[in-house]
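I opened the model and kept notes on each item that I looked up. The entries follow in the order of my reading.

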Amino acid sequence: MANKALVFVNDADAAAPLLAAACANFDRVLLATNNPSLSGADETYLYDAGATAVQAVPAVTSLIAAQRPDAVLCEAGADGKLVAGYAAAALGTSPICDATSVSFSAEGLEAARMVYGGGAVALERSAWPAVVVAAPGAFEAGGAVRTGEVHTLELSAPAGVRLLGVEEAAPEKKVNLNAAKCVVGVGRGLGSEENLPLVEELAGLMGAEIGCTRPAAEEEHWYGKERYIGVSGCMIKPAVYLALGISGQVQHMVGVNQAKTIFAVDKSDKAPIVEQADHVLIGDIKAVLPRIIELLK
Ligand SMILES: Cc1cc2nc3c(=O)[nH]c(=O)nc-3n(C[C@H](O)[C@H](O)[C@H](O)COP(=O)(O)OP(=O)(O)OC[C@H]3O[C@@H](n4cnc5c(N)ncnc54)[C@H](O)[C@@H]3O)c2cc1C
């Protein structure tokens, strides 16, 4: 099995599966992070917690160029992709982004990722060195990790980039749809913002996290982007997924098709989700939701 992996991750939830996979498959594991609460590698390179990935990239790239890891495993999202691009250039390879599963062998790794808007899965192989951006759920959490030294990674000012100021984003409730056992998904069929309290009441009674479709987040702005599920959002594996007013287009369904049981409520018996869900209730959400809530109570 391969020698050395470098994991780039700042998010605590993403760190556990990435570090577990690295420790299971590599003799030596290095971690580059700005999150002081993370551990689990043979060596941790910790940089300033307030620094952005853009500010960290020159130092992380120099570390990668000096250490020449066989694999660089990056967390999902813009920061992971930014580091992956620079890491691949430093190692003379190409990054594989949005990998939904990764397997390792002595020669290299094989990663699956969705293509054609979720219509197909491409299997890509890379010899060592390999650089992968892992989608949430690509690796399982758990498994033995390591303990080791913590070094400070000094940051140098990135050429051509000046920090003009920092503006705090409004605090969002942290969602971890990936780990949720029960998810209520909201689609455009919900009709109006006024019905959101009903969804929240139902989710509370079911002990469910709330997810949504891309239009419910990006067009209707009912929920933040971190809650939309599908090929360009997050992938979930709950025991129960309840889809409310979701037509069931492939770009959404690829994100939920690992749910054990899918329930759907839709007013149209022609909606594609009718064919894909395990249990379907045909009806108007405005009438059905209060009734389900009443029954659950
Ligand atoms: C490249 C690309 C990537 C994409 N990525 C994603 C992605 O990651 N995630 C994602 O979700 N989408 C994604 N999309 C969009 C996707 O193709 C669909 O447009 C989207 O999933 C549809 O969202 P929806 O089901 O909420 O809305 P709609 O398709 O409009 O469906 C609404 C449903 O609600 C039902 N309905 C309407 N009124 C009521 C009522 N009163 N009571 C009950 N039911 C009602 C309708 O019958 C219908 O079935 C992507 C598209 C592209 C092109």
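I took two strands as paired if DSSP finds at least two bridges between them. Strands (E, at least two residues) and helices (H or I, at least four) are DSSP runs, numbered from the N terminus.

I noted that this is a predicted model, in which local features need pLDDT of at least 70, side-chain atom pairs count only at pLDDT 80 or more, and totals for chains, interfaces and linings use all residues. Residues are numbered from 1 along each chain as its sequence is written.

I found an open sheet of 5 strands with parallel pairing, in the order 12-11-13-14-15. Strand 12 (209-212) and strand 15 (279-282) stand at the edges with a single partner strand each, so one side of each has no neighbour in the sheet. I then looked up strand 11 (residues 182-186), which pairs with strand 12 in the parallel sense over 4 bridges. Val186 stands opposite Cys212 in strand 12.

**Ligand.** Which residues come nearest to the ligand? Of the 28 residues around the ligand (C-beta atom, placed from the backbone, within 6 Å), I listed Gly187, Gly189, Thr213, Gly230 and Ser247 as the nearest. Helix 5 gives the largest share of this shell, 3 residues.

**Domains.** The protein chain is divided into domain 1 (4-152) and domain 2 (177-296), with bounds from an automatic or database domain assignment. I read that their C-alpha centres lie 32 Å apart. I also recorded that 8 residues of domain 1 are in contact with 9 residues of domain 2, contact meaning C-beta atoms, placed from the backbone, within 7 Å.

Notes:
Contact = placed C-beta atoms within 7 Å.
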